[in-house]
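This briefing accompanies the structure displayed below. It treats selected local features by topic.

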Amino acid sequence: MLPLRPVCGGIWRAAVHTVRMSRGAPPYRLFSSTCDGAPAALADADTIFALSSGHGRCGVAVVRVSGPASATALRCMAGFTQRLPPPRTALLRSITDPRSTEVLDRGLVLWFPGSVPGLRPAEAGEFTRRAFQAGKLGLTEVEGLGDLIHAETEAQRRQALRQMSGELGRLYQDWSDRLKRCLAHVEAFIDFSEDELIEDGVLNRVDVSVSDLQAEIERHLKDERRGERLRSGVQVVIAGATNAGKSSLLNKLCQRPAAIVSPIAGTTRDVVETALDLGGFPVLLSDTAGLRDSSDLVEREGVRRARERVEQADLTLVVVDSAHLPSEVDRAAAFLREHLRSVLPDTDRCLLVLNKADLLPEKQRQKLDTELRGVSGLPAVRLISCQTNEGLKAFLTVLHSSVKTLCGDPLFGAPTLTQARHRAHLQRCAAALAQYQRYRDTDLALAAEGVRLAVTSLGRITGRVGAEEILDIIFKDFCIGK
Amino acid sequence: MLRKKLPFLHSLLSPVSRHVGHLTGHQYDVIVVGGGHAGTEAAAAAARVGAETLLITQKIHTIGALSCNPSLGGVGKGQLVKEVDALDGLCGRAGDWAGIHFSILNRRKGPAVWGPRAQLDRQRYRDFIQSELLSTPRLTMVEGSVEELLVTEPNPEEPGHHRVTGIRLANGSHAISARSVVLTTGTFLSGSLFVGQTTSPGGRIGDAPSSAGLSHTLRERLGLRTGRLRTGTPPRIVKDSVDLSLAKLHLPDSHPTPFSFLNTHTHCKPEEQLPCYLTFTTPGVERVVRESLQLNCHIQQDTKGPRYCPSIESRVLRFPGRSHQVWLEPEGVTSDLLYPQGLSMTMPPDIQLRLIREIPPMRRAEIHTPGYGVQYDFVCPTQLSPALQVKSTQGLFLAGQINGTTGYEEAAAQGLWAGANAARSALSMPTVTLSRTESYIGVLIDDLVSRGVTEPYRMFTSRAEFRTSLRPDNADLRLTPKGFEEVGCVSSVRYQESLRVRNSLQDALTALQALFLSTSSWKKKLPSVPISETKSTLLTGLDLLQYNDVTFEMLASAFPESLSSFMEFAQRLKIEAVYKPHCDLNKKEIERIQREENMSLPQDIDYFSLPVSLSDEVREILDRVRPSTLGAATRLEGITPAAVVNLLNYVRVTEKKKETHRNQRQQEAQRDEELCANSASLPQ
């Protein structure tokens, strides 16, 4: 059956856009070996799908399905049992789960016809790749495309980094390491056991590892089904020097005392996270330890975590204590530029928040507020006071529009989809480990093929594993002497 | 098919080949330098393709010599031998002629990783190779030492690009011209030998060192990057001085399996095979190694040696306190020597004797020839195209250890491919490539030219992504038709045989699939097989053959009318049936890779100025390696998916441009012709 369902029940928000290609190219050309004499894209006979628009509560969502099973998907999910809809015509349909026939949503369906069948989530850049292989992108489009793909992978890299750095990342990495070792030991047994001294016990240990791994992965897949907390939403991180009022800002934004606030510098030592709904957009707000050199081990770890968060953030709010600003505007701008450099690698995605504005004389406050806005090399600047709430409303407007821009960016990855892709790879990994067990006693080459497939599937999440890496483990663990 | 008699060689050899004077001024299509595994396969392949070929070697009588271990094949290596044979190479048939102990390694681990292997009689192997070369049309052999590689001045339009024109021999400055030259110099390129604290120039004990001129041309004239590698060989032991009763007897297979697809049996009769013996090192061995370290130059040097064929010194130093395996192997039917596999060593000869006497069966052993180490130059193989041609020098091909590999089989495989391509290039035919999706030879060459080497490269089955498809049993199906139709290195006899096999297998599979019975009917036909009736109610013969306990013989006796004519292929059919579902799964991935490999990247791209979005790091990697196809580029370390997509696009756009350009030129040519024709028909 079509493995479409687990993506996430609610994303079929407004429109299902069943299309084989963007830009309305006649899809039959994609899979035709005769097109332009191009090497046929025939072997890409998988059908892929992806959320092509912004994620989460972004109002309108577009889901793109491409490949020979697109028509089947339409039939099963949009109720076109008799015949397919007229091509290139939008129709309002109920979108149903093909197995339970439960209605998921209602939406517009557009059909760009093609021909004939399994679906899987698209790999990074795959739509673009198919477009290239089909020769469907013209010269003018190509100019901009390099940047587009770069942005796409860049967004994905940031996202992967975010997902990989947490507990989940450590778990996957641990599985990957154990699997690689299993593979190396099976490969060593195949390539060297006849002539070298490789004890028979090696395979028995692999047996144990493989069945442990299989059980762990299957358990993990089940847990996730029940709805493990998804780390979705725009990642907004509050960063800056100690005692600038970062925690106060967090508390103001979430309208509750989520973080401890005190006049003592270095009060926040770990990352404090809180989920927010900002005008309909999901935001994960993190308060971090103040950035300073400290001899305190705990605080130093806090600062390291803070920097890591900033690195992964979609948007950083750099908070500065206004009282520390030089009074002249020019010197204040230079001070801020310098300060930003110490906090962030690049200033593309950040807002500058000058807190404790109530401590400044009224005159200086106004001067800063008006004159700092036009200064080049500085991001958007807002003066606020968490004490008096002054400027907070205006700041919220700026923050809201930044988040909105981020969500509206179609290249901004959809965490849920990434999760679906992860799940598909993990399922494939567990199935491949079952193959090892099936062939373990009859054909070790086929059993090893199972472990290879498992490594490849997991590698789609944790990074590709080459033959050389496996050989390195072999030569580290065994004395291969012939 | 085995040749029963070998001609008396030396009487044949001396008149035709010892004098080189008459060769001067002669134009050959291909000159092969070196007579080892790579050189002999290269020369034979070039001649088979149709090139007038000259093989130059220092000593005619060492052509086909096994310099190191007296064995061929093994896990991974056996696959290479089968593939070389499928392409009509020599080593498989030579192994069948010279083998004195045959066994299929990994017999219990599945047919995809079976490792056909044989201990060889050194003399018989050499005889076979020499006789085969002598009877090869278009092939001449000559004794000599190559002093210089002759190349044209660099092309002013393409700086650094040369074309090969021939070679010059030492002692007498004979120049012999050729369109292609294949260098298979083994360990002789700036080779030096090490025993204890003594070092002498040379590539193999007992042979003169090769001239420094060749090395110089490669490095200085052609600007090729070279590196240095080391290897070693064990002492040869006098058989009578060893007490073999203290070692474990290791018997060959009772039914020897030939390497060659053309042979149904081996030259050696099953009962005439010789055994091998297994023994182990003792703590005394480790003590001797440690005590003699300061007397051991070779081991102190940090030149890269292989991790998988280490000397006994590095074995005990890296894994101390263990007992290591030592195989005692026969050197031939009439030889009175034993080859101690696993005891490669470079300490002074008196200490070598002390060391081997620490091993129980060799307590009173005598050494016939001491072990020694060799260090030699290799040319970084990323400078080669997948045809094994030096990218910057038209007509220059390299094969074997000069490319950083180790092993007879790796050398033979490259030799064959380089020789065939050298011939094609000389005869103005396009060069050909083998994909890593269709052969181990393809894996070997792709690894070499796109990744390079950091240690001597040896084949393992773990290097092949599509191991379940690239099996020793189906090498003929994979390569023989291509070898005949596209390469031209396969005789029509072998080609016809491969077609017969292919058609028969196909017919047999069809017949198996046509047997479509319910599980209960199958149970009646094959009562001994545990067929689960809960499974789908109808099963084909092919489904049944996938069962562990079902053999083709069983099916054939149940359905003699449709199957008995295929009994010859019983084992192959069983393997085909078991692997079919997995190979079908591989197919899609294979097609994807082949598509990418079909997109070639021009060799003259200036990656630094390419008008596409690539990071500086990626540009640098691409510039250094210059992958020949998009597929090779995707396998490079540090190449991002985005870079691959950009390159893909570049390839497509330039292809389109070229095509448009070609069309335009054709149209212009047509117009010109028409104009000429019109003017010709005009009344004068």
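L479(B) touches E83(B), A86(B), L87(B), L434(B), E438(B) and S439(B), residues up to four places away in sequence being left out; contact means heavy atoms within 4.5 Å. The model is predicted: local features need pLDDT of at least 70 and side-chain atom pairs count only at pLDDT 80 or more, whereas totals for chains, interfaces and linings use all residues. Residues are numbered from 1 along each chain as its sequence is written, chains are lettered from A and ligands numbered from 1 in the order in which they are written, and side-chain values use heavy atoms, with hydrogens and water left out.

- L479(B) belongs to helix α13 (residues 475–487) of chain B; helices (H or I, at least four residues) and strands (E, at least two) are DSSP runs, numbered from the N terminus.
- With a relative accessible area of 0%, L479(B) is buried; buried means under 20% relative accessible area, exposed over 50%, and partly exposed in between (1.4 Å probe, protein chains only).
- The C-alpha atoms of L479(B) and K82(B) are 10.0 Å apart in space, although the two residues are 397 residues apart in sequence.
- V33(B) is part of strand β1 (residues 27–33) of chain B and counts as buried at 8% relative accessibility.
- Leaving out residues up to four places away in sequence, V33(B) touches I56(B), V146(B), V181(B), V182(B), L183(B), T184(B) and T185(B).
- From V33(B) to G186(B) the separation is 153 residues in sequence and 10.0 Å in space, C-alpha to C-alpha.

**The three-stranded sheet of chain B**

- Three strands of chain B form an open sheet in the order β3-β5-β4, with antiparallel pairing; two strands pair if DSSP finds at least two bridges between them.
- β3 (71–73) and β4 (99–105) of chain B stand at the edges with a single partner strand each, so one side of each has no neighbour in the sheet.
- The twist from one strand to the next averages 20°; axes are lines fitted to C-alpha atoms, for helices over the stretch in contact, and angles run from 0 to 180 degrees between N-to-C directions.
- Helix α3 (residues 77–86) of chain B packs on this sheet and touches β3 and β5 of chain B, its direction making about 80° with that of β3(B).
- β4(B) pairs with strand β5 (residues 115–120) of chain B in the antiparallel sense over six bridges, and L105(B) stands opposite G115(B) in β5(B).
- Seven of the seven residues of β4(B) are buried, so β4(B) is largely enclosed by the rest of the structure.

**The four-stranded sheet of chain B**

- A further open sheet of chain B consists of four strands in the order β11-β10-β19-β12, and the pairing is antiparallel.
- Its edge strands, β11 (198–201) and β12 (226–233) of chain B, each pair on one side only.
- Neighbouring strands of this sheet are turned against each other by 25° on average, direction ignored.
- Eight antiparallel bridges join β12(B) to strand β19 (residues 372–379) of chain B, where L229(B) stands opposite Y376(B) in β19(B).

**Packing of helices α7 and α10 of chain B**

- Helix α7 (residues 283–291) and helix α10 (residues 349–356) of chain B pack at an angle of about 160°, with their axes 8 Å apart.
- α7(B) and α10(B) are therefore roughly antiparallel to each other; angles under 35 degrees count as roughly parallel, over 145 as roughly antiparallel, 65 to 115 as roughly perpendicular and the rest as oblique.
- The contact involves V285(B), V288(B), V289(B) and E291(B) of α7(B), together with I351(B), R354(B) and L355(B) of α10(B).
- The residues of this contact comprise five nonpolar, no polar and two charged; Ala, Val, Leu, Ile, Met, Phe, Trp, Tyr, Cys and Pro count as nonpolar, Asp, Glu, Lys and Arg as charged, and the others, Gly among them, as polar.
- G284(B), V285(B), E286(B), V288(B) and V289(B) are the buried residues of α7(B), and their cover includes α9 (312–318) and α10 of chain B.

- L388(B), which is not a glycine, has a positive phi of about 70°; L388(B) lies in the loop between β19 and β20 (393–394) of chain B and is buried at 0% relative accessibility.
- N389(A), also a residue other than glycine, has a positive phi near 65°.
- N389(A) occurs in the loop between β12 (381–383) and α10 (392–408) of chain A and is partly exposed, with a relative accessible area of 41%.
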